[in-house]
Amino acid sequence: MEFADITRWLFRLTPYDILLLLKGGLVTLALSAGAIGLGSVFGAVVGWIRSLRIVKRVRLLWWLTSIYVDTVRGTPLLLQVYFVYYAIPTLTGIDTSVFTAGIATLALFQGGYVSEAVRSGLEAIDRTQWWAGHSMGMSYLQTLRYIILPQAIRIIIPPFIGICLGIIKDTSLVSTIGFIELSFRAKSIGARTLETLPPWLFAAGVYFVICFPISKWSQRIEARWRSKG
Amino acid sequence: MRIEFKKVNKHYGDLHVLWDLDLSIESGEKIVLIGPSGCGKSTLLFCINALEPIQSGDIIVGETSTVHCSRKTLRKIRQKIGIVFQQFNLFPHYTVRENVELALKVVLHLDPEESHRRSRKVLGEVGLLDKIDKYVSQLSGGQQQRVAIARALVMEPQILLLDEITSALDPELTGEVLDVVEKLVKEREITVIMVTHEIIFSRKVADRVIFMVDGVIVEQGPVEQVLLNPCENRTKQFLCKVTQHLT
């Protein structure tokens, strides 16, 4: 096969199928944004709680949050999706729609990873920085806001971006419970036309177009912070 | 502002750092605290503004106990106590000016113009006006420590605590920092407590020298007495050790 033939074959997608895939891409984008938004806020709160010295001393909250963090990080996301969608309704009687199960699982997954990034980032700032703030008469929140967070954020951002890029691609796993997003569209078009590769390659391109700018942007701000000393 | 320690005990876990410590320091007094490493000098300093909690006893600053007061009162007291740390503890994400002006803005809520006027004044006093817009990492150790001194003084404290401020510096940078401290301490009517190993410098600024070993004050008194004619054997031994390299 000539190169031209290959490209023609790859793009043997009807305009209608392309439209479906692009719509799937938008759903993936919205789903990712929702999961990242909800999960990051939740994870930041959990991570902040786990960074408190009182929590480490009293232990109860530490253990409770550890159950969450370690479960999320220690089991496959696919199984978590199944668990929330199939097991929770059976166990509790609460019916979960595909939409809520999908977004909730992804947000919880994101939260588990973000919490550890936030905790380790906050703990990386030396105790003496807290002292410097307190000794000038600043309150806990003022010290956190003006001294600790601006430094911690630079440590947290690189792993945080990595986690976000991961969750964008992992949204594809909720297609297994029937969530109609990009991967679901690619799979169904492939099944209908019996040409699996073209829709999947197109979908891969859409994932890349979403992820690549984020990755580039994070490299840019890291470089800017480095030059600021 | 006067400071009074009443039967203060401080532990780190099983380690008993300060033992039933009684000490009173008069307003405007310049105190030098000496003693072997790990004897509790720095801890004593950090207990004054309650950066380190104590287990029993009381510490009175001015008229108020820093042990039994509300958080709000403690913050008020801390505004009047400047502290300079061994490792500078500057804020690396801010410029020199932002380091010095942060507390003026956040704690005292001064307007930017007044903050700026005050920061230029103290940075002038420590000789760093030309570095005002530099980041901390662009300065030498001695310059960083002078910024830390400016940051403490810009709040116009009534008490200044100096914790081994030259221990992290090269010998040649030590001089520039000590010169600044000597000048600033002498021209201000504030209470100063400094932990140091610089015996010669102590003689120039101190009204009273306190020698501590293992969390207990062994000897205290005027410079001539403690540094030149110590009564206690342990003081003599210590002074011998730290001045050995000078002779």
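Chain A of this predicted model contains 10 helices and 0 strands, where helices (H or I, at least four residues) and strands (E, at least two) are DSSP runs numbered from the N terminus. The radius of gyration of chain A, taken over C-alpha atoms, is 22 Å, well over the 17 Å from the globule rule for 229 residues, so chain A is more spread out than a compact globule. That rule is 2.2 Å times the number of residues to the power 0.38.

**Conventions**
- Residues are numbered from 1 along each chain as its sequence is written, while chains are lettered from A and ligands numbered from 1 in the order in which they are written.
- Local features need pLDDT of at least 70 and side-chain atom pairs count only at pLDDT 80 or more, whereas totals for chains, interfaces and linings use all residues.

**Chain A**
- Along the principal axes, the C-alpha atoms of chain A fill a box of roughly 70 × 50 × 25 Å.
- Buried residues (20 or more other C-beta atoms within 10 Å of the residue's own, with C-beta atoms placed from the backbone) make up 34% of the 229 in chain A.

**Confidence**
- The complex receives an ipTM of 0.91 and a pTM of 0.87 from the predictor.
- For chain B, pLDDT (the predictor's confidence in each residue, from 0 to 100) averages 92, and 99% of the residues score at least 70.

**Helix packing in chain B**
- Helix 5 (residues 141–153) and helix 6 (residues 171–186) of chain B pack at an angle of about 20°, with their axes 8 Å apart; axes are lines fitted to C-alpha atoms over the stretch in contact, and angles run from 0 to 180 degrees between N-to-C directions.
- Helix 5 and helix 6 of chain B are therefore roughly parallel to each other (angles under 35 degrees).

Note on methods:
A residue is buried if 20 or more other C-beta atoms lie within 10 Å of its own, exposed if 12 or fewer, and partly exposed in between; C-beta atoms are placed from the backbone. Angles under 35 degrees count as roughly parallel, over 145 as roughly antiparallel, 65 to 115 as roughly perpendicular and the rest as oblique.
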